[in-house]
Every structure is written in structure tokens, then in C-alpha cells.
Amino acid sequence: MLLEVDNVVAGYGITKVLKGLSLEVEAGESLAVLGANGAGKTTLMMTLAGLLRPWEGSIRLDGDDITAVPAEDRPALGIVLAPEGRRIFSALSIEENLLMGATALRRRFGAVEARRRAAAALERVYAMFPVLGDRRHEGGANLSGGQQQMLAIGRALAAEPRVLLMDEPCLGLAPKVSNEVYAALRVLRDEGQSLIVVEESSRRALDFADRACVLKLGVKALEGAARTMREDSRLLEAYFGIDAAGTAP
Amino acid sequence: MTDVVQHVVDALSVGSTYALLALGLTLVFSVMRLINFAYGMMLVWAGYAAIVLLDAGVPFLLMVPLCVAFATVLSMVIGRLAFRPFIGAPAITLLITSFAVLLVIQYVAIVVFGERPRILRLPSVFADVVEIAGIRVPVLELITIGTAAVMVAIFYAILNRTAFGAQIRAAAEQPDVTRLMGVKPDRVLMVVFAISGAIAGVVGLLWFAKVGAITPRSDLDPTISAFIALVLGGLGSTRGALIGGLALGALEVGMAATLPDGALGYQPAIVFAAVIAILILRPGGLGGSVAEPAR
């Protein structure tokens, strides 16, 4: 198992958000994590990325316990988060944003190899999103929302993630642009990239992922193959709080 | 006409030291929201280091890099011991910490060097005046302007052309996201304190070469001028620091040149009044950026 989350309890201050969550991702697998506002999706991502320390439970990568590894050391292990809201650096050019993403390669591969890999990563991202290549020396602030999301994906890819964590990649994007984002994620998935994508409500995520789970108030309400879950009325029940007969709460 | 050129050289010389100080302050502020009132004391310590080294017979050309290195290390040590533990604390906590640091290193200076002024004896060339195209320019002013120009160029090269610089700019904008890229916040902080310390070392030498004497309380003038320059230019932007420093230099020299004799004694008050007027008209400072931290 590539990534194992075991019975994780986490939160902010005295507010417990994740209340004993477990999930797993195999190498090459894509997992969609769905849930309403407040279900704990972003908290899960922050915990996986190391920005939040779990109160209980453990996170393992390849069987190694990484629960206590701080956020800045996780990219070198291959755990890379593209955070909610894209959060690109507006003071940096597109290329500098991508190179920031490649920072951790140095510790993983040594300086010489890291430089080679960073250059290769840039080429790969520019091939994937030509608009970024065309404007590589421009500031990140001039990009549209969709282009910023592409830059955020590219920046995460530059770290050569073993597990790519995507927190609401389509937040605030037009449907057409969201489709483009998922087209890109699909390419990555087909190349064997392991990833976890978090969405509030997305048919796209279910269409895309191998497996899906639904969070509700910090625990896993439902889990299964994404394909079957798409047709499953229990999903609606667990997720939207609508019972199987279809009456609203 | 020659008067005007002479005043411009004066203004550049004064303003460029202010600009450098403001750059050193703004760099640390941008990364950790620290308004460092102990900064002027760094200059004082660099000045004392110069006196000690020269008294010990160290040649001038060796003393300069040693002094800058000393200020760099001192700044890193203070940053590590006094400020790093408060990273992420409210700005007021950092501000008060900086006052504590100021008092500590000031009283250590009093204990070590005493309250009496100590004289910084430099090679006589620094006191010379050269005549260029009919304009008489003190050598020290030329050295100051040249050094400042080189320092600013190096500063921008580091900030805009190196991976460290990109990390500093990224950390100033979104520190948590920078961590997600695998950048160690501690390392960024230490680099920033090192750069700011090196600037303090250089400016300390230039400053006390001009003033001539150092006391443990000589930090007040450079600190106040640097903060005025910073606010005048717009807190938190390097462009603002440069503009603010040069503008303050121009303001001071302009006032000194144009005020009637009777008003000269009030020059600092008039300069401050002008600064207040500028800030009323442009609250974000001359550099145009808003004082609000990015986040």
C-alpha cells in the first residue's frame, strides 16, 4: 500500500474535525474524496500535507510512519499538495512558480540530478499546458483562474509526486475550464500517477477516479468503486442527507 | 548650477544610506512581519567592531569585510535566538521583542565600550575632497554612493536571479504554501537575517565614517531615518524602500539648502512635518504599495 491513513483524529484548536478517519491509496490509484462543506476534506488534505499534526492515528507511506514529518519535509518524500484556491505566487513568474515546485527534488536526488529533473519537469508541464510555456516569464498574477489552476497542477507535478493531493481543483472555475482540468488529471492518471482529489460535489470526480469515499462530519460515510457509487442512491443519502426515497431533509 | 549638482550629490549620498537601511528592514518585515527597532544597534556594533579591529592593527581593507561578516553573523544569531521563536506571533509581540533586543545589545555595548564616544579613525583619504568639473565632492560621499549602488544591485540580483531570492519572495507572499514546496522556513529566515545584517554592516561603516564618533546610543538617528524612509516609501516593498530612502535624503538636503538661516535649527521638525503631509496625501507611501501585509 502506497499511502495509508489510519484512524486519524485532527482539527484546529479545540475543534475536532476528523474523527477517526482511515483510508488507503494504492500505487497508480486515483481516489476521489467527496463531502459537503465542513465534512473535513480540506482538514484531511492539510493533515496529509503535514500542515496539521494529527491528534491521534497515523499516516504511513510505503509502510513508513510519516505522521510526525513536518510539511516542508513531505515533498521530498513525494507527498505533494496543490492547495485549495490554487495559491500560486503572484510575485513570481510562471517559470519561477514551477521551479519553486521543484525545490524538493534537490533533497531527493542531489543537486545535479535535481537540476536535470527540474528542467525536464518544466518541459513536461509546458507540453501539457502550452499557454504556460508561452507566458513563462510573465507574472503569475496575470493568469485567468483556469490558467492559475494549471500552474498549480504544474507546480505540484514539478515535485515529481508519488501521491498528488488536489484540494478542490475546480473551485470557482467555469464548467468548460473544469473539464479541461479533469482532462489534465486524466492524462496524469493514465500515466500512472497516484492521486487523491477532493471535491465538494462533482460528477466529474466520480467519472474520473478509480475509487471514491464520502466524508460526513469527519468520518467516512461511504466508500467504493467510483463507477458503482455514481449509480448508488446511498451516495445521495450519505452525502446530501437526502434519504433513498428522495425527500429532502 | 554647480550648487544644484552639489546638492544632488549630497542628497544621493545621504538618501542611499537611508535606502539601504530601509531595504534591510523591509526584507525582514516582508518575511516575518517584524518591525525591527534593534536594527540601528546593528550599525553601532558594526562601528565598534571597526574600532576594535583598527585598534588591534588590522589593516583597513581587511577590517571592512571582517566588519560586514561580523554584522552578518550577529544578525543571524539575534534572528535565531530572539526572533525565530516568535515566528507567526502577532506583530506587536515581534515589535516588543525587537525593543527588548535593542535594550539588551545596547546595554552590552555600554558595559563593554562605556558611554563615552569612541572615535572611528579612518585613512585620511576619506576626509579628502575631490574636484570634478568644478564641483567639490567629498570622497566619502562618492564611496557611499558607489557602495550603495553596488549593494542595491547585489540585493536585487539575489532577490530576482537566485533560487534563494525566489524562495524569499514566495515566503513573503504565502509562507505556508512555500512550506508545501519543501522550503524550510528557518532557512529562508536565516538568509534574510544574513542579508539584512550584511547591509547593516556596510551602512554602519559608511554612517560612522561620516559621523566620526560612536556611542552606545548612536543607533537612534539611523533607526529613525530608516523607519521614516520605510513608511515614506511604503512598508513592505523593496521599491518603496529605495524611493523612500532617496526621497528622505532629498528632503533633508533640500531643506538644509533652501531654509533661511533662522529656520535651520528646526530642520528635523520641518522634514517630519513634510513627511506627515506626504503620508496624508499618499497613505500607502510614495512607492504606492499598501502597508497591509499580503497575508
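1. Leaving aside residues up to four places away in sequence, A:Leu165 touches A:Met45, A:Leu48, A:Ala49, A:Val80, A:Leu81, A:Ala82 and A:Ile196. Contact here means C-beta atoms, placed from the backbone, within 7 Å.

2. This is a predicted model, in which local features need pLDDT of at least 70 and side-chain atom pairs count only at pLDDT 80 or more, while totals for chains, interfaces and linings use all residues. Residues are numbered from 1 along each chain as its sequence is written, and chains are lettered from A and ligands numbered from 1 in the order in which they are written.

3. A:Leu165 is also one of the residues, with B:Trp45, B:Ala46 and B:Ala229, that touch the most other members of the largest nonpolar core, a set of 159 residues. Such a core consists of buried Ala, Val, Leu, Ile, Met, Phe, Trp, Tyr and Cys residues joined through C-beta atoms within 7 Å. A residue is buried if 20 or more other C-beta atoms, placed from the backbone, lie within 10 Å of its own.

4. B:Leu21 lies in helix H1 of chain B, residues 2-32; helices are DSSP runs of H or I with at least four residues, strands are runs of E with at least two, and both are numbered from the N terminus. B:Leu21 counts as buried because it has 29 C-beta neighbours inside 10 Å. Beyond residues up to four places away in sequence, B:Leu21 touches B:Val203, B:Pro222, B:Ala226 and B:Ala229.

5. Chain A contains 10 helices and 10 strands. Buried residues form 46% of its 249 residues.

Key:
A residue is buried if 20 or more other C-beta atoms lie within 10 Å of its own, exposed if 12 or fewer, and partly exposed in between; C-beta atoms are placed from the backbone. Two residues are in contact if their C-beta atoms, placed from the backbone, lie within 7 Å.
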